[in-house]
Amino acid sequence: MSTIAQNLQAIAGTIISALQESGRPAGAVQLLAVSKTFGPEAVLEAVRAGQLAFGENYLQEALDKIAAVAAGAPGAALEWHFIGPIQSNKTRPIAEHFDWVHTVDRLKIAQRLSEQRPADKAPLNICLQVNISGEASKSGVAPGEVAALAAQVAALPNLRLRGLMAIPEPAADFEQQRAPFAQLRALVEQLRAGGLALDTLSMGMSADLRAAIVEGATIVRVGSAIFGSRNYH
Ligand SMILES: *Cc1c(COP(=O)(O)O)cnc(C)c1O
């Protein structure tokens, strides 16, 4: 077995045990393999091991990779998630080539994605990125502004608002890791109570996926624990 296949198997085990630990049903978490900085060969190796959902941060790199992987795995039901910062003049290729966007944090971006989503494709799945740790330099909508943005995004025709995403500050231990994830879960529960049909909490990365799953993550975004450490970006 390749290293990537072994890593995927180990993470699947971590996900299963974290779900059991928290009394959640098997299959309640989707693994998003974050392939930024790794080439199409690494992605194809993961595809051969059964992984179909991939997350990318850098648009041009992603577009090249999506084409190369499609050529190398014809017919595979791949799912591409955009998880990087979005510039408003780069929304069209995102709307055209991705299935999900996790990093919407302002209405203008959502409006452009909706306008530019090709008519022959399913609505683009959207998560709003929340600045849950309140760091000045990080992107994401402030927790107090999520409800207003969610209502506006949910009304756009070619998008399907699925839930919330966050990248908390790194935390030293398990209990500290849990706190921001619990806050994000409370936020999504408030939005549901307000009438939005949301099913997604995109939270947890290589270093904190157990804490995220215990707090209700439905998508974990894991890069280095699958592909190894990144040497640029
Ligand atoms: C890079 C990245 C990840 C994966 O991080 P790892 O620590 O390598 O697992 C997850 N989410 C986002 C938004 C990222 O940019």
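Ser-133 is placed in the loop that lies between strand 5 (124-129) and helix 6 (146-154), where helices (H or I, at least four residues) and strands (E, at least two) are DSSP runs numbered from the N terminus. The structure is a predicted model, in which local features need pLDDT of at least 70 and side-chain atom pairs count only at pLDDT 80 or more, while totals for chains, interfaces and linings use all residues. Residues are numbered from 1 along each chain as its sequence is written, and side-chain values use heavy atoms, with hydrogens and water left out.

With a relative accessible area of 26%, Ser-133 is partly exposed, a class between buried (under 20%) and exposed (over 50%), computed with a 1.4 Å probe and protein chains only. Apart from its neighbours within four places in sequence, Ser-133 is in contact with Pro-168 and Glu-169 (heavy atoms within 4.5 Å). Glu-169 is 36 residues from Ser-133 in sequence, yet their C-alpha atoms are 6.3 Å apart, and the side chain of Ser-133 reaches the backbone nitrogen of Glu-169 at 3.0 Å.

The ligand is surrounded by 13 residues, the closest being Lys-36, Asn-57, Ser-206, Ser-224 and Arg-230, each residue of the shell having a heavy atom within 4 Å of the ligand. An oxygen atom of the ligand lies 2.7 Å from a polar side-chain atom of Lys-36, and an N or O atom in the side chain of Asn-57 is 2.6 Å from a ligand oxygen atom. For Ser-224, a polar backbone atom is 2.7 Å from an oxygen atom of the ligand.

Key:
Polar contact = N/O pair within 3.5 Å; in protein donor to acceptor, adjacent residues only side chain to side chain.
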